[in-house]
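Visitor: I would like to go through this model slowly, asking at each step what stands behind the words used for it.
Guide: Then let us look at the structure together and take the terms one by one.

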Amino acid sequence: MSKEIAKNVKKMFREIGVKPTLKGFYYWPVAVSYAKQKGELNYRMCADVYEHVASKFKITSSKVERSMRTVTDSYQKRFINYFDYKNDKITNKELLVLIVDKLLEEGGDKNERKIVRTKKTDWWH
């Protein structure tokens with residue numbers, strides 16, 4: 001996991017007001033780093049992300065998914081405002097894409113935008 005990505009995700013979460021007492025606070029940076037490294041977000045991606053994070057923390061992927069969803073659900077309105085998101089609800093997959101895209105934009109390298117999206121998840125176009 002890139003320490004720089006982890007630092008940026010944690011900083012973003014602190015700005016939003018996410019409490020570091022939630023386990024998902026620590027799972028999200030690993031998930032974002034993995035998704036950015038993979039460069040592809042497709043129908044199966046979240047399951048792959050959960051499995052990767054679970055292996056890093058030696059827990060089940062269902063616990064990872066639930067902990068990450070707790071963060072997403074608990075801070076729904078703040079994420080919507082932070083990302084100027086147009087829908088009323090953000091899913092884990094949507095939040096993952098929003099965070100990766102924001103990090104890529106802030107990185108300043110437009111050519112680095114390699115996230116491949118499938119038709120099933122074209123809600124962010």
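Visitor: How many aromatic pairs does a search of the whole structure find?
Guide: The search of the whole structure finds six aromatic pairs, where rings of Phe, Tyr and Trp (its six-membered ring) pair if their centres lie within 6.5 Å. Please keep in mind that this is a predicted model, in which local features need pLDDT of at least 70 and side-chain atom pairs count only at pLDDT 80 or more, while totals for chains, interfaces and linings use all residues. Residues are numbered from 1 along each chain as its sequence is written, and side-chain values use heavy atoms, with hydrogens and water left out.

Visitor: What makes the aromatic pair of Tyr82 and Phe83 edge-to-face?
Guide: Planes under 30 degrees apart count as stacked, over 60 as edge-to-face and the rest as tilted. The ring centres of Tyr82 and Phe83 are 5.0 Å apart and their planes stand at 80° to each other, so the pair is edge-to-face. Elsewhere, ring pairs link Phe13, Phe25, Tyr26, Trp28 and Phe79 into a cluster.

Visitor: Why does Tyr82 count as partly exposed, and why does Phe83 count as buried?
Guide: Buried means under 20% relative accessible area, exposed means over 50%, and partly exposed lies in between, with a 1.4 Å probe and protein chains only. Tyr82 has 27% relative accessibility and therefore counts as partly exposed, whereas Phe83, at 14%, counts as buried. For the chain of 125 residues, 43% count as buried.

Visitor: Which helices and strands does the chain have, and in what pattern?
Guide: There are six helices and two strands, and read along the sequence they follow the pattern α-α-β-α-α-α-α-β. Helices (H or I, at least four residues) and strands (E, at least two) are DSSP runs, numbered from the N terminus.

Visitor: Why is H2 called largely enclosed by the rest of the structure?
Guide: H2 is called so because 11 of its 15 residues are buried, among them Phe25, Trp28, Val30 and Ala35. H6 is mostly covered, with 12 of its 16 residues buried, including Leu95, Val97, Ile99 and Leu103.

Visitor: What makes H2 and H4 roughly perpendicular to each other?
Guide: The axes, which are lines fitted to C-alpha atoms, for helices over the stretch in contact, with angles running from 0 to 180 degrees between N-to-C directions, come within 8 Å for H2 and helix H4 (residues 61-74) and cross at roughly 105°. Angles under 35 degrees count as roughly parallel, over 145 as roughly antiparallel, 65 to 115 as roughly perpendicular and the rest as oblique, and H2 and H4 are therefore roughly perpendicular. Where they meet, with contact meaning heavy atoms within 4.5 Å, the residues in H2 include Gly24, Tyr27 and Ala31, and those in H4 include Val64, Met68 and Val71.

Visitor: How do you know that Asn92 is buried, and which residues does Asn92 touch?
Guide: Asn92 has a relative accessible area of 8%, which is under the limit of 20%, so Asn92 is buried. Not counting residues up to four places away in sequence, Asn92 touches Trp28, Tyr50, Glu65, Met68, Arg69 and Thr72.

Visitor: Why do Lys58 and Asp84 count as exposed?
Guide: Lys58, in the loop between H3 and H4, has 74% relative accessibility and therefore counts as exposed. Asp84, in the loop between helix H5 (76-82) and H6, has a relative accessible area of 54%, so Asp84 is exposed as well. Each is a residue other than glycine with a positive phi, near 55° for Lys58 and near 50° for Asp84.
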